[in-house]
Amino acid sequence: MTDNIFLKIARHEIPANIVFEDDRVVAFKDINPQAPVHILIIPRTEAIPTLNDLKPENKDLVGHMFLVAKKLAAEFGIAEDGYRCVINCNEGAGQSVFQLHMHVLGGRPMGWPPG
Ligand code: AMP
């Protein structure tokens, strides 16, 4: 398995504030939160560096990531006011960790367009 810091979190080799995990994903609080609720959801079983690396066989995994985002938004009390799910792809979009991850942000008003 190609390694990265998020896969080490998924394997519990380095600490993180994990809020949900199952056989396919791990969700944990962002270490540098940009909103009162800022959770990252990652695939736990395989290295997928960027959105560009997604394969057709990953479609169930990505659907599952969104269902986990919806569940966590409800649990963290941001579902009704609103929240944002973001995947940054490559440096130009601000990606800094090269394991596919979905940001779930909420708890404050969100501007548009994003910077
Ligand atoms: P991105 O810029 O889209 O690649 O997002 C990477 C995110 O990972 C940033 O929001 C970082 O604050 C966050 N991050 C980096 N290292 C850790 C870590 N060890 N635990 C939790 N979040 C992290």
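So, α1 gives the most to the lining of the largest pocket, namely three residues. Helices like this one are DSSP runs of H or I with at least four residues, strands are E runs of at least two, and both are numbered from the N terminus. What counts as a pocket? On a 1 Å grid over the protein atoms alone, a pocket is an open set of points with protein on both sides within 12 Å along at least five of seven lines, whereas a cavity is a set where a 1.4 Å probe fits but cannot get out; lining residues have an atom within 4 Å of a point.

Before I go on, a word about the model. It is a predicted one, where local features need pLDDT of at least 70 and side-chain atom pairs count only at pLDDT 80 or more, while totals for chains, interfaces and linings use all residues. Residues are numbered from 1 along each chain as its sequence is written, and side-chain values use heavy atoms, with hydrogens and water left out.

Back to the largest pocket. How much space lies in it? About 410 Å³, where a volume is the space filled by probe spheres set on the grid points, and points are joined across faces, edges and corners. The pocket is lined by 23 residues, and the closest to its centre are Phe-6, Asp-30, Ile-31, Asn-32 and Leu-40. Two or more lining residues come from each of α1 (5-10), β2 (25-29) and β3 (37-43). By class, the lining has eleven nonpolar, ten polar and two charged residues. Here Ala, Val, Leu, Ile, Met, Phe, Trp, Tyr, Cys and Pro count as nonpolar, Asp, Glu, Lys and Arg as charged, and the others, Gly among them, as polar.

Now, where does the ligand sit? In the largest pocket, and "sits" asks that more than half of its atoms lie within 2 Å of the pocket's grid points. The ligand is surrounded by 16 residues, and the closest are Asp-30, Asn-88, Gly-94, Ser-96 and His-103; to belong to this shell, a residue needs a heavy atom within 4 Å of the ligand. α1 turns up again here, with three residues as the largest share of the shell. The shell holds seven nonpolar, seven polar and two charged residues.

Let's look at the polar contacts, pairs of N or O atoms within 3.5 Å. Ile-31 uses a polar backbone atom instead, 3.1 Å from a ligand nitrogen. Taken alone, the ligand exposes 510 Å², and the protein buries 84% of that; these areas come from the Shrake-Rupley method with a 1.4 Å probe.

There is also a second largest pocket, with about 170 Å³ of space. β4 (83-86) and β5 (102-106) each give two or more lining residues, with β4 giving the most, three. The lining divides into six nonpolar, four polar and one charged.

Finally, some backbone details to find on your screen. Which peptide bond is cis? The one from Trp-112 to Pro-113, with omega near 0°; Pro-113 is in the segment after β5. His-12, in the loop between α1 and β1 (18-21), has a positive phi near 60° without being a glycine. Asn-90, in the loop between β4 and β5, is not a glycine either, and its phi is positive at about 75°.

Definitions and conventions:
A polar contact is a pair of N or O atoms within 3.5 Å; within protein, one must be able to donate a hydrogen and the other to accept it, and residues adjacent in sequence count only if both atoms are side-chain atoms.
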